[in-house]
Amino acid sequence: MTPQHIKARFLDGGRGRVFALLRRPAEPGGTGVLIAPPFAEEMNKTRKMFTAVGQALAARGVATILVDPYGTGDSEGEFREASWECWVDDLARAAEWAAREGFPVRGLLCVRLGCLLGAQLAQKLLPEVQCSVFWQPVIAGDRFLTQFLRLRVAASMMEATRESVSGLREKLRAGQRIEVAGYELAPTLAGELEKLRLTDALGPHLGALHWMEVVRDHQVPLPAVTVDCVSGGRSRGLEIKVSTVTGASFWESTEIVMNEELVRSAVEVLAAAGGRTASSVRAPHAEPRP
């Protein structure tokens, strides 16, 4: 096993204690990469890859910091009590803890909705990010909310009373909580999600951004909404490199999926940004500049 040290603790958050895990190299000192996790069950689908990234980065002298935002994982609170601003604050507190431990955050690994979390964090509270890696970014919060609500609509197909996305949105706007795939979604968080736009949070505060998409075929062009978002980020002075790797949709697969190429690609980028010499790994397929 790669020499490394793991330190876990509960941090005092704005609403309650949040669980944070620091995976660091055997030698003290260096830099850290903060992981901004995806939403709800997508986080559980991704934990195995987070572990692989953390182990590989520790071997190259870079620490990783993973936090369960309030109301998720091993942290205090219930999912229905969570809010977007609370989650941004939780990540900021985890970054502060890592800095006190000798590993100031210089890199971000953000996944799906976590790309919006990480981008807002860097924009507001984390000024020294040098490099960011995005995995399959969510670009619009309202569209993401629609996709999340469809999970409940699909489940209702097996019941006598069928539901619709519009009907569920009406319940949320009326102040009702609804359960989706085992997660109780509160109107406050739903309203916050609807307002999120990734383009609004892109800028040089992310350092050099490596945008990685998982595709079935390299020949298929990226969606127009992705191309537009990337163009918007570049117009704000953000350096963005877009690349693709082939594989299954790890965030929504029934079984836990490990995309080793995606892991290697992220480690290569983040280790180099952390100031260590990264060993040679196969680079992801580079897409033409949108």
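**Charge pairs**

Reply: Start with D89, which is partly exposed at 25% relative accessible area (buried is under 20%, exposed over 50%, partly exposed in between, with a 1.4 Å probe and protein chains only). The model is predicted, so local features need pLDDT of at least 70 and side-chain atom pairs 80 or more, while totals for chains, interfaces and linings use all residues. Numbering runs from 1 along each chain as its sequence is written, and side-chain values use heavy atoms, without hydrogens or water.

D89 pairs with R93 in a salt bridge, N to O 2.6 Å (a Lys or Arg side-chain nitrogen within 4 Å of an Asp or Glu carboxyl oxygen). The two sit four residues apart in helix 2 (residues 84-100), so about one helical turn separates them; helices here are DSSP runs of H or I, at least four residues, and strands are runs of E, at least two, both numbered from the N terminus. R93 is partly exposed too, at 29%.

Next up, D142 and R197 form a salt bridge at 3.2 Å, N to O. This one ties together distant parts of the chain, 55 residues apart: D142 belongs to helix 4, R197 to the loop between helix 6 and helix 7 (198-201). D142 comes in at 27% relative accessibility and R197 at 34%, both partly exposed.

R236 and D200 also pair up, with their closest N and O atoms 4.0 Å apart. They lie 36 residues apart, R236 in the loop between helix 8 (224-235) and strand 10 (239-246), D200 in helix 7.

Finally, R80, R177 and E184 join in a salt-bridge network, and the whole structure has 16 salt bridges.
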